[in-house]
Structure formats: C-alpha cells, structure tokens
Amino acid sequence: MTHKEDELLESSAERVYGHLTETLAARGVDVEAVENRLRSQRIETPSWGYGNSGTRFKVFPQPGVPRDPFEKFEDAAQVHHLTGVCPSVAIHIPWDAVEDYGELKDHAESLGLRIGAVNPNLFQEVEYKLGSVCNPDPAVRRRATEHLLRCVEIGREVGSDVLSLWFADGTNYAGQDSFIERRHRMQECLSETYQAMPENMRMLLEYKFFEPAFYHTDLADWGTALTMCQKLGDRAEVLVDLGHHAQGVNVEHIVALLLDEDRLGGFHFNNRKYADDDLIVGSVNPFELFLIYVELIEAEESTRIDYMIDQAHNIEAKIEAMILSVMNLQEAYAKALLVDRAALAEARHSGDVLRAHRVLLEAYATDVRPLCAKVREDLGASVDPISTFRESGYLERVVVERKVGVQAGWG
Ligand code: LRH
Ligand code: MN
C-alpha cells in the first residue's frame with residue numbers, strides 16, 4: 001500500500017470514527033467512559049488453543065504449530081501485541097508441564113505476558129475411566145486429589161490466583177453408580193483442595209451437561225456447580241463455558257442468576273451450533289454473546305470475573321482465529337456498553353415490551369468497529385490486527401523455525 005493510500009485510509013478511518021462518536025454523543029452515550037471500559041477489557045487466551053486439536057475422527061496438524069509451552073506463549077504474545085487486551089494465558093497440566101515453572105513464568109513476563117488460570121487435566125489417565133474425584137475407588141480419588149494439590153503448588157510457583165476445574169466425571173448407563181455418593185466423593189476431594197489453596201486463590205468450577213459421559217455428568221449444570229461452590233467456600237465460583245449447555249438453554253439468564261448469587265467466577269468463551277463445538281466466539285450466535293455482556297456491564301464494576309477463551313481451532317489458522325475471537329469479544333462488549341440503561345429501565349417498568357427490546361437492538365445494530373480500532377490504537381496495538389498479522393510474516397517464520405520436533409496438542 002502506498003503512503004498516499006495509507007493517508008487516505010487513515011483519514012477516512014478518522015472520519016468514520018468522528019461520525020460514529022458524534023452519533024453516539026447525540027444518543028447521550030458517554031463515549032470517553034465507553035472507551036475507558038474497552039481499554040481496560042482483559043481476555044485470557046488458552047495455551048491449548050495454539051496447539052493441535054481435533055475431534056474423535058481426526059486431529060489435523062498445522063505447519064508452524066508450537067512444540068512446547070514456551071512457543072505457545074510466543075504465539076499468545078502476538079495476539080496480545082495486536083489486540084492490546086490479552087496479557088494472560090491459561091495453562092493446562094500436564095499439557096503445559098515443564099521442568100522449571102519459574103522459567104516458564106520468566107519467559108511469559110519477557111513477552112509482556114503473565115500465566116493465568118491453572119487447569120488440572122483429570123480426563124486423560126486410564127485410571128480415570130470411571131471418574132477422577134468421583135471414582136468409586138478411593139486410591140484413584142487420592143491420585144486425582146494429589147494432581148489437584150500439585151496444580152495448586154504450580155499456581156503458587158507461576159503467580160496464578162485461579163485454579164480452574166473441569167471434570168469429565170459421569171456415567172454411561174443407568175444404575176452404573178450412585179449420583180449422591182459420587183457427589184459426596186467430589187466434595188471431599190474439592191474441600192481438601194480448597195483448604196490447600198493460598199488465601200488469594202479462587203477455585204472455578206466448570207459444568208457441562210454431557211460428553212464424554214453419556215448418561216449423567218456429575219457437574220452437569222449451573223445448579224450442581226453453584227451448590228457445590230456454596231458447600232466449599234466463598235472463593236469457589238462457577239465458570240460458564242458457552243458450549244456446555246443443552247440446545248435452547250438461556251445462557252444470559254444463567255449469567256444473571258450467578259451474578260445475583262455473587263458466584264459468577266468466569267467464562268470459557270467459544271461458540272457452538274450443535275454441541276461442545278468450541279468454535280470461534282461470536283461466529284454462530286453473536287446476539288447471544290451481546291446479551292451475555294449486557295448482563296455483565298453493571299455487575300463487573302463490583303465483582304472480579306475472569307474472561308477466558310476456550311476453543312479448538314481444528315481446521316482454521318490458530319493465531320488468526322484467536323485474534324478474530326478477541327476482536328469479536330471487543331465488539332460484543334462495545335455494543336453492550338452502548339445500551340441506554342435509563343431508557344431500558346423506563347421501558348421495562350412501564351411494560352413497554354417492544355421499546356425495551358428495541359433499546360437493545362439499537363445498541364446491537366451499531367457498527368462499533370471504528371471504536372474498537374481506536375481503542376486498540378490507544379493501547380499501542382493494531383487498528384486492523386488480522387491484516388497486520390498477515391503482513392508481519394510471523395507465521396511464515398515460525399513454520400520454518402518449527403519444522404522439526406513434535407507439535408504440541410491434546411496429548
Ligand atoms: C471441556 C473443556 C474444559 C477444558 C477442555 C479443554 O470440554 O471445556 O474447559 O479443560 O475443554
Ligand atoms: Mn471449557
């Protein structure tokens with residue numbers, strides 16, 4: 001692109017941004033306040049989103065995929081560098097197991113990143129066929145609890161204050177095991193883990209209604225997770241993975257309820273059309289994502305919520321997929337920040353059904369991309385991250401550098 005064309009593009013972007021902020025100000029929107037919230041948005045990316053992943057049918061390797069956690073952090077640093085809002089990376093143990101976790105912490109910090117949530121993997125050892133913390137065999141439960149305690153230690157070593165737990169535990173046939181005995185086994189293992197956590201650490205419990213279990217799942221829904229958290233303690237909160245609900249479930253209602261219970265700990269953002277598809281967030285149902293953020297806007301000023309991505313980029317370019325995911329989250333958040341709360345409350349209280357609905361539609365229909373581009377520029381990131389990434393040659397470079405060696409993946 002010539003310098004002239006650059007200037008033209010820049011000036012037209014400024015004009016479009018100028019027009020948008022005028023329109024918003026005319027609608028009574030405090031644009032400066034919206035931009036402040038957008039500049040302080042924080043999205044955590046998953047280390048496993050940079051590695052190979054797939055389905056039971058096939059895992060398609062991609063050239064340039066990281067071979068170890070250090071290279072995963074280098075790719076994550078690209079996403080933060082280009083979007084400005086992803087300074088932390090969640091790790092999964094043992095997928096990200098290393099000799100020296102202090103070295104991994106230093107490496108992350110040298111890239112301008114920090115290590116976020118620690119995710120213990122209790123779904124790939126042969127011993128866990130009949131469950132991990134819910135397994136009928138106390139020796140297997142002991143082994144599972146030891147792994148949880150080890151991950152609390154790793155959290156201490158890497159400076160993480162989030163232990164993020166998902167259990168594949170469940171049964172495949174009616175009668176296979178007692179729902180309540182399994183629940184009590186889980187509570188026993190989790191309370192020992194909870195007691196071992198340092199004061200600043202939070203335990204997030206992630207529920208999922210099925211898979212890999214096909215008759216019942218021990219932490220199947222928000223209710224089983226919430227009541228378990230209430231038994232464990234104040235620093236146990238519920239994690240909402242957008243792909244973990246049955247078709248037709250109103251996720252934004254669950255989010256509102258967990259906020260009201262002061263037990264919403266965080267999200268695993270992704271999207272699905274059918275089951276736990278782990279597709280790019282906002283790629284299937286962007287309106288649902290907007291409605292979830294509408295429920296979060298007021299609450300997040302008074303409570304800490306961890307916004308994390310949890311996706312599997314089975315066929316698409318992984319770093320670009322992560323960048324697009326973060327841009328979709330910036331836009332969904334920006335649209336939700338434009339909702340005229342006073343008009344919404346007034347319409348709701350006067351029973352004006354469609355006025356209330358149209359207040360949301362007005363915000364949702366606003367093209368906020370110029371605002372998000374301006375905010376990224378303010379953060380020293382890119383107004384057009386995907387073009388900047390494609391023109392950077394980063395992918396071509398790592399494809400060459402990472403030719404030899406075993407690519408990282410779901411183990
Ligand atoms: C389970 C899940 C969980 C992870 C895994 C990678 O479906 O959402 O959060 O540990 O995906
Ligand atoms: Mn998840």
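Start by selecting Phe 179 in this predicted model: with a relative accessibility of 43%, Phe 179 is partly exposed. Show both side chains and look at the two rings. They make a stacked aromatic pair, with 6.1 Å from centre to centre and 20° between the planes.

Next, colour the backbone around the pair. Phe 179 belongs to helix 6 (residues 179-196), while Tyr 215 sits in the loop between strand 6 (202-206) and strand 7 (216-217), so the pair ties together parts that are 36 residues apart in sequence. The count of aromatic pairs comes to 16.

For a group of rings, select Phe 267, Phe 269, Tyr 293, Tyr 307 and Tyr 333, which form one aromatic cluster.

Two charged side chains are worth a stop too. Pick Arg 235 and Tyr 194: the charged end of Arg 235 sits over the ring of Tyr 194, 4.9 Å from the ring centre. Then pick Lys 335 and Tyr 364, where the charged end of Lys 335 lies over the Tyr 364 ring, 4.9 Å from its centre.

Our last stop is helix 7, residues 222-232. Which residues of helix 7 are buried? Select Ala 225, Leu 226, Met 228, Cys 229 and Leu 232. Turn the view to look down the axis of helix 7: these buried residues fall within an arc of 165°, so they line one face of the helix. To see their packing partners, show helix 6, strand 6, strand 8 (236-241) and helix 8 (251-260). Finally, click on Gly 233, which follows helix 7 and has a positive phi, near 150°.

Technical notes
Residues numbered from 1 in each chain as written. Chains lettered and ligands numbered in written order. Predicted model: local features only at pLDDT ≥ 70, side-chain atom pairs only at ≥ 80, totals over all residues. Heavy atoms only, no water. Phe/Tyr/Trp six-rings, centres within 6.5 Å; stacked < 30°, edge-to-face > 60°. Helix = DSSP H or I, 4+ residues; strand = E, 2+ residues; numbered from the N terminus. Buried < 20%, exposed > 50% of the residue type's maximum accessible area, 1.4 Å probe, protein only. Lys NZ or Arg CZ within 6 Å of the ring centre and 35° of its normal. Arc of directions from axis to C-beta. Contact = heavy atoms within 4.5 Å.
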